[in-house]
Amino acid sequence: RKIIFEKQWFYLDNAIGHIYGTTFEVTSGGNLQPKQEVEDTTTETKEAGTDNRNIVDDGKSQKLTHDDIKALKDKGIKGQEIVQQLIENSTTFRDKTEFAQDKYIKKKKKKYEAVITIVKPSTRILSTMYYAREPGKINHLRYDTLAQMLTLGNIRAGNKMIVMETCAGLVLGAVMERMGGYGSIIQMYPGGGPVRAATSCFGFPKLFFDNLHEFPLSKVDSLLSGTFSTETLPSEPEDNALVEEESNGLTGKKQASLQETEEDTNTETAMEINETEEQETTDIDAENVEFKENKEKENRENVREKKQWERRKKLIEAAALLREKNADGLIVASKFHPTPLLLTLLEFVAPSRPFVVYCLYKEPLLECYTKLRERGGVINLKLSETWLRNYQVLPDRSHPKLTMSGGGGYLLSGITVVLDKGKTDASNLEALKMEEPSSKRCKVQDLHC
Amino acid sequence: MSFVEYGDTIKDGDTAIVFLGHESMFPVKVQHGTVTQTKYGVIRHSTDLIGKKYGSKVTCSKGGWVFILHPTPELWTMNLPHRTQILYSTDISIITMMLELKPGSIVCESGTGSGSLSHALIRTVAPTGHLYTVEFHQQRAEKAKEEFREHGVEHLVTVTNQDVCKNGFGVSNIADAVFLDIPSPWEAIGHAKSALKAEGGRICSFSPCIEQVQRTCLAMEEYGFTEINTLEILLRVYNVRTISLQIPDLGKAAEDNSSTGFDSSNPSNQDSSCTNLQQGTVQFKSGVPLREMVGHTGYLTFATKS
């Protein structure tokens, strides 16, 4: 299978059987060769200048032309040798300071020596990668912010968590990793089904999915008011049920093959694979809609009924779990306005449990904060943000990295407490009808808690 | 109660957090017949706490009330008795994620200090993982042991009283991750490497000074660690406030009615939920940074053994 990564293409076959963290070199045929630790070619760089007062940028310091370099490349010469050639043909190289020489070599190596390292997927890797490559898909949730969420939410084995996310399943995956297959997760999803593209990149064992439930957001209201019935369900998410099942099947297969070979996917490529998978499944979905009224119908009827039945069973389970209203926490990270989500979903959470809401913007969380205060039943509300700064640490050249991320979103966190009976209903009504008393109460609460 | 498992009701012997309001809270050891004094009055454990649900409001003798919370590592971090400088949840969270900790992980830590990070590590690696923590100060090591026992997590942690720079972690080839918070971490890198599993693992070192980081990075490189990365994380907390700003009187004529003039020119003013026009002022909600914040805790250096 051909995989494209950073303008290189290669086959993963040769990587099988190596341990994680092995570095490979890409050869011209797209094969991977394990690369050993190479001795740096420091012999050449002994000669160095002290400053750049005599270095003039005339554009002629490199004696090799574009065509020469291309010729070298076409001949299939090792990247390392090309870099060596470039250094030898640079007239100014010897005059540069030692540090500048280092930098020059590093830059050229990056360009000509294509090496890739295959690593095991983890929240660290995947969240860093998603933030760098697909920030839009995860609502610009930076990895340190995700780390805060996991800690503030006290995510651990044995919890019963409610997760509402539209971050491609990355937040769900992070929660699953921290729970290690112990406890249960109920994922609330908008639309026809939960998105778990990133979740499947983690390569979780099948066992982890046994206690993963999902529940449609659009049925939450009826569940709370007690008018929820499963009879109304299958009609609408019918096609999506199929998509979901199929994609689950695919990821299952992938996992199986992973385990068989004891090999692992480069996380980057895993994501690309996944995207194509997503596309495939949506294609199938579209086709399904078209064929629905036609001949395919009969063959599939049985399978579909069975799947629907299974799906409905899972849904009833999820509804039952929610009805107990004793979840150990709530994690929200979505593209939706957080206030209504929180005000409603907190109903399912037991007292003295943490909750965390992520939002890319501060303003919706300000409103959410105010509304939660009016509602009551929460304490220790905290609106926060983290800044992350990376450092270059080298002898005599340590400093913060030149660029840092401008923003990684905001978090609102708190702890649920027992809601005062009687006062609750009254305050809810009052809050709706009269602005004045509720804001006063809010102040009183501010003073007191 | 346990630090690794939620319980519904408060029991004799539990550690609970008394929440007074405004980030003011303290831990209390629940015991029959004991009383706790707060600024709102007395709490009698036998009647006011034991058997009640966590998260309940407890009315004190003077009519004030407090909330009783289930302990978590984060609440503990905010309330524990300091024996040393401690790590706070912001750093702890990034450490946990970057070390790739999860249920089942084996972690080595030194020094134990006040056990702030230890509790968070134990929470994350439970129920099948283990923490090996090394503290060279005997009294602190004893105290930490006692706390772990009280908190129902002693089966998940081994405290060793020795010098990690000289004697290492007391284990070899079993750890998935190593964390160092000691004055001279570079002297412990070799021991860290041998504590880590043969197939590899992650390491993190926490140092307040850049010179320490420098030496640590060199040592890591020397011992063949890869992916060396230094970072710093800062927490910014915002207070949610309603701010009102006065509209300046620019001497507009009375008939002009400056307030309506302003109103029409600023469409967001119509949104009465956050903006309100009253007697020449504009109101809005804002997230105001605290007047003073933590500017630096320490540099975190991560690396991989592979």
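Predicted model: local features only at pLDDT ≥ 70, side-chain atom pairs only at ≥ 80, totals over all residues.
Residues are numbered from 1 along each chain as its sequence is written, chains are lettered from A and ligands numbered from 1 in the order in which they are written, and side-chain values use heavy atoms, with hydrogens and water left out.

Chain A and chain B bury about 5,300 Å² between them, 59% of it on carbon and sulfur atoms; buried area is the accessible area (1.4 Å probe) that two parts lose on being put together, summed over both. The contact (heavy atoms within 4.5 Å) takes 56 residues from chain A and 68 residues from chain B. Four salt bridges are counted between the chains, a salt bridge being a side-chain nitrogen of Lys or Arg within 4 Å of a carboxyl oxygen of Asp or Glu. A salt bridge joins A:Arg124 to B:Glu227, with the closest N and O atoms 3.2 Å apart. Between chain A and chain B, 20 residue pairs are in polar contact, both residues being at pLDDT 80 or more. A polar contact is a pair of N or O atoms within 3.5 Å; within protein, one must be able to donate a hydrogen and the other to accept it, and residues adjacent in sequence count only if both atoms are side-chain atoms. The elements giving two or more residues to the chain A side include helix H4 (123–133), strand S11 (378–392) and helix H16 (435–448) of chain A. S11(A) gives the most to this side, with twelve residues. Helices (H or I, at least four residues) and strands (E, at least two) are DSSP runs, numbered from the N terminus. The chain A side divides into 25 nonpolar, 17 polar and 14 charged residues; Ala, Val, Leu, Ile, Met, Phe, Trp, Tyr, Cys and Pro count as nonpolar, Asp, Glu, Lys and Arg as charged, and the others, Gly among them, as polar.

Chain A is assigned domain 1 (2–37 + 52–118) and domain 2 (121–227 + 302–422), with bounds from an automatic or database domain assignment. Domain 1 and domain 2 of chain A bury about 340 Å² between them, 52% of it on carbon and sulfur atoms, with zero salt bridges counted.

In chain B, domain 1 spans 9–71 and domain 2 spans 75–234 + 295–305. Their C-alpha centres are separated by 33 Å. Domain 1 and domain 2 of chain B bury about 630 Å² between them, 69% of it on carbon and sulfur atoms. In domain 1 of chain B, B:Thr15, B:Met25 and B:Pro27 lose the most area to domain 2, together 56% of what that side buries. Zero salt bridges are counted between these domains of chain B.

B:Ser56 lies in the loop between helix H1 (45–49) and strand S5 (57–59) of chain B. B:Ser56 is buried, with a relative accessible area of 10% (buried means under 20%, exposed over 50%, partly exposed in between; 1.4 Å probe, protein chains only). Leaving aside neighbours within four places in sequence, B:Ser56 is in contact with A:Val418, B:Val66, B:Phe67 and B:Ile68. The side chain of B:Ser56 reaches the backbone oxygen of B:Lys53 at 2.4 Å.
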